[in-house]
Amino acid sequence: MSLRIVVAVKYVPDATGDRHFADDLTTDRDAVDGLLSELDEYAVEQALQIAEAADDAEITVLTVGPADAKDALRKALSMGADKAVHVEDDALHGTDVMGTSLVLAKAIEHAGFDLVVTGMASTDGTAGVVPALLAERLGIPQVTLLSEVAVSGGKVTGRRDGDAASEQVEASLPALVSVTDQSGEARYPSFKGIMAAKKKPVEALDLSDLGIDAADVGLAGAWTAVQEAAARPARSAGTIVKDEGEGGKQLAAFLAEHKFI
Amino acid sequence: MTTTGSTFDSALLETEERRALRKAVGALGRRYGRDYFTAAVREGRQTDELWQEAASLGYLGVNLPEEYGGGGGGLAELSIVLEELGAAGCPLLLLVVSPAICGTVLARFGTDAQRQRWLPGLADGSLRIAFGITEPDAGSNSHRITTTARRDPATGGWLLTGRKVFVSGVDIADATLIVGRTEDARTGKLKPCLFLVERDTPGFDFRQIDMELSAPEKQFQLFLDDVALPADALVGDEDAGLLQLFAGLNPERVMTAAFSVGMGRYAVGRAVDYARTRQVWSAPIGGHQAIAHPLAQAHIELELARLMTQKAAYLYDAGDDMGAGEAANMAKYAAAEACAKAVDQAVHTLGGNGLTAEYGLASLLTASRVGRIAPVSREMILNFVSHHSLGLPKSY
Ligand SMILES: Cc1cc2nc3c(=O)[nH]c(=O)nc-3n(C[C@H](O)[C@H](O)[C@H](O)COP(=O)(O)OP(=O)(O)OC[C@H]3O[C@@H](n4cnc5c(N)ncnc54)[C@H](O)[C@@H]3O)c2cc1C
Ligand SMILES: Cc1cc2nc3c(=O)[nH]c(=O)nc-3n(C[C@H](O)[C@H](O)[C@H](O)COP(=O)(O)OP(=O)(O)OC[C@H]3O[C@@H](n4cnc5c(N)ncnc54)[C@H](O)[C@@H]3O)c2cc1C
């Protein structure tokens, strides 16, 4: 039977652009170009590798986001995913992690799955909790922050690298994994992949398709609220230590002065 | 490096696929980057890793037919690949000759056997073909080409004799496509013919020319004295040489334009980065109009050249060889001029650093001149436009 993999991919404002908050303190998505979150490219890559190692697998990429979020799906499809699901609804504006995980969970159930793959965190919200919330909502085991992952014999196994130790972890399917930026460079879309992406199916869903009450999502439905947001002050110029024989000592003195050593 | 904005960022000008290709190739190019390119030059290596990776992603064979492993796209796609690699600081010069000229000529005019033999390799990057037309005594005047092939009655093959000069990449190419002439059996007149000469053919002698260019690909002088070639070294039909040549030359010009635009964009990008932060009075030097305006001008001229390049690729892909010819020449001219000016201004923007090895811009001063000279010089394009476009008396 085919292994059904769903990868949750987020469309985020380009981190190299000049990012701002809108008046309602949500991310101003019009001001900067968006793209597939770099950290979610790792999730797509691992899903592709798992699929390539399996006899038969199908990868669905899923995003919850505005109309332009299709770009993120298209990128993932051009990398090699088979089909896509796009949840788009005006009522989603301002949704927090609780709401996002609710919508993702419903959409994943709708798509059907054996394995859910996510990134370690988004590059804009960076909460890093959506994977855990999602596993909880789906009622499946979670093995998170993996730098190595494989599927065989109805189980997903992987390695989680901590500061002090590396853990070998496993779970039986269906399960959710999140992968880190150490899991292996994501591939570039090939020219054939780019040409094929346009012909792959993208299913568009709104909240009513998923049976979700609009009151549970959006700014109003959020469990937390952003009270205030301020731009980080510009970084002051760094100190350049020129090595004229005493460079090492000066470096050490600088680090000691700032209590790094 | 910050990427400067461009009017080409609009979603309306190029198809979604071409924009995706631009992004993907640019990302690949930036991962290798200028340092990779200059290190390869310094160590006398080729940029093979980049070539292989770009090839395996299908970028190098985008224009070749799908049935031979290519991408089934056109010159529009191939010029995007070269331009974006160049804008990232690591252009692959052989794209101008191998898939663009030789791939096109073989796909359109090669025999079935020749296509089978060469196209899959050109598409996956495992084979490369150089292109030799320039001769020491012919130069800009290709009517004076004297490299001549005659039938070898003993074998039914050919004996090729002549000299070529400035041929790029002969050492790393599996074969060189050589433009020669042969006697028309009926009229006795000489007509152009194209021959595939494999690198290890006995008697095929090539010597590197010492160029003051920082590029991994080298130029060569070729010496052929009755080099024996098999009958199937002749590309396609004996009478189609002129058509073949024209089919290959438009892609060559469009690709040279893409090469120049890419280099120009790279140079402007470096200069803008520098001008934003370098401060010697109270504000960054980019705030002085004497620095900002010439960069703005360079940017505008590159954008214009880019547009003409796209137009030429569009006409070529649409099958309008005549219209493409005029546009391709204009694009090549405009891109070469814009690139030379952009590099000149970029070097100047960096002051003394513009001439340091660390910043690596000075070597572009020579590199940016190539587009003015090859494959057809600025003056020859002006001659062509004067005569062909404006209807003025022919001067050459
Ligand atoms: C300006 C601003 C205001 C915010 N206000 C609030 C607030 O008031 N309260 C609050 O709780 N949160 C708030 N958030 C967080 C925001 O709603 C989150 O971006 C969102 O809920 C997902 O969380 P995350 O991006 O941190 O995901 P993470 O948990 O960091 O993401 C982990 C992984 O989950 C998956 N994923 C996450 N989001 C999606 C998605 N949309 N589609 C598909 N996959 C996804 C991806 O695989 C990703 O790698 C705010 C964020 C911003 C930028
Ligand atoms: C880096 C590099 C790579 C190259 N790679 C290749 C390659 O792969 N294959 C290949 O075959 N060739 C290659 N060439 C050769 C290139 O195409 C020629 O250098 C070019 O066609 C000019 O010919 P020439 O050098 O003989 O100049 P000439 O023809 O001698 O011209 C010298 C000058 O006189 C001018 N001139 C000549 N005739 C006229 C006229 N009628 N009116 C006005 N001005 C005139 C020219 O514009 C030029 O400025 C390469 C050259 C370079 C520099």
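Select domain 1 and domain 2 of chain B in this predicted model: their C-alpha centres lie 25 Å apart. The contact between them draws 19 residues from domain 1 of chain B and 16 residues from domain 2 of chain B. On the domain 1 side, colour α1 (16-42), α4 (94-109) and α5 (112-124) of chain B, the elements that give two or more residues to the face touching domain 2 of chain B. Among these, α4(B) contributes the largest share, seven residues. By class, the domain 1 face comprises twelve nonpolar, five polar and two charged residues.

Next, display the whole of chain B by domain. The assignment places domain 1 at 7-128, domain 2 at 130-236 and domain 3 at 242-389. An unreviewed entry lists residues 15-125 of chain B as "domain: Acyl-CoA dehydrogenase/oxidase N-terminal". Over residues 15-125 of chain B the chain is 70% helix and 0% strand, with the end C-alpha atoms 26 Å apart. For residues 130-224 of chain B, the UniProt annotation, again from an unreviewed entry, reads "domain: Acyl-CoA oxidase/dehydrogenase middle". Residues 130-224 of chain B are 0% helix and 48% strand, and the end C-alpha atoms of this span lie 16 Å apart.

Now select helix α6 of chain B, residues 241-277. This helix has 37 residues and reaches 55 Å from its first C-alpha to its last, close to the 54 Å expected at 1.5 Å a residue.

Remain in chain B and centre the view on ligand 2. Its shell holds 22 residues, of which the closest are Gly139(B), Ser140(B), Phe166(B), Ser377(B) and Glu379(B). Which elements of chain B each supply at least two residues of this shell? They are β1 (129-132), β3 (158-168), α9 (363-373) and α10 (378-389) of chain B. In terms of domains, the shell around ligand 2 takes at least three residues from each of domain 2 (130-236) and domain 3 (242-389) of chain B. Its composition is 13 nonpolar, eight polar and one charged.

Move to chain A and select ligand 1. There are 36 residues around ligand 1, and those that come nearest are Asp96(A), Gly119(A), Ser122(A), Gly125(A) and Ala127(A). At least two residues of the shell come from each of α1 (38-53), β4 (57-64), α3 (97-111) and α4 (130-138) of chain A. The shell around ligand 1 divides into 18 nonpolar, 14 polar and four charged residues.

Then select helix α2 of chain A, residues 70-79. Nine of its ten residues are buried, so α2(A) is largely enclosed by the rest of the structure. The buried residues in α2(A) include Asp71(A), Arg74(A) and Lys75(A), together with Leu73(A), Leu77(A) and Met79(A). Just after α2(A), inspect the backbone of Gly80(A), which takes a positive phi of about 140°.

Finally, show chain A and chain B together. Their contact takes nine residues from chain A and twelve residues from chain B. On the chain A side, helix α5 (residues 191-197) of chain A provides the largest share, four residues. The residues of chain A that touch chain B divide into five nonpolar, two polar and two charged.

Notes:
Residues are numbered from 1 along each chain as its sequence is written. Chains are lettered from A and ligands numbered from 1 in the order in which they are written. This is a predicted model: local features need pLDDT of at least 70, side-chain atom pairs count only at pLDDT 80 or more; totals for chains, interfaces and linings use all residues. UniProt positions are given in the numbering used here, feature names are shortened, and annotations may be inferred rather than shown by experiment. A residue is buried if 20 or more other C-beta atoms lie within 10 Å of its own, exposed if 12 or fewer, and partly exposed in between; C-beta atoms are placed from the backbone. A residue is near a molecule or strand if its C-beta atom, placed from the backbone, lies within 6 Å of it. Ala, Val, Leu, Ile, Met, Phe, Trp, Tyr, Cys and Pro count as nonpolar, Asp, Glu, Lys and Arg as charged, and the others, Gly among them, as polar. Domain bounds come from an automatic or database domain assignment. Two residues are in contact if their C-beta atoms, placed from the backbone, lie within 7 Å. The expected span of a helix is 1.5 Å times one less than its number of residues.
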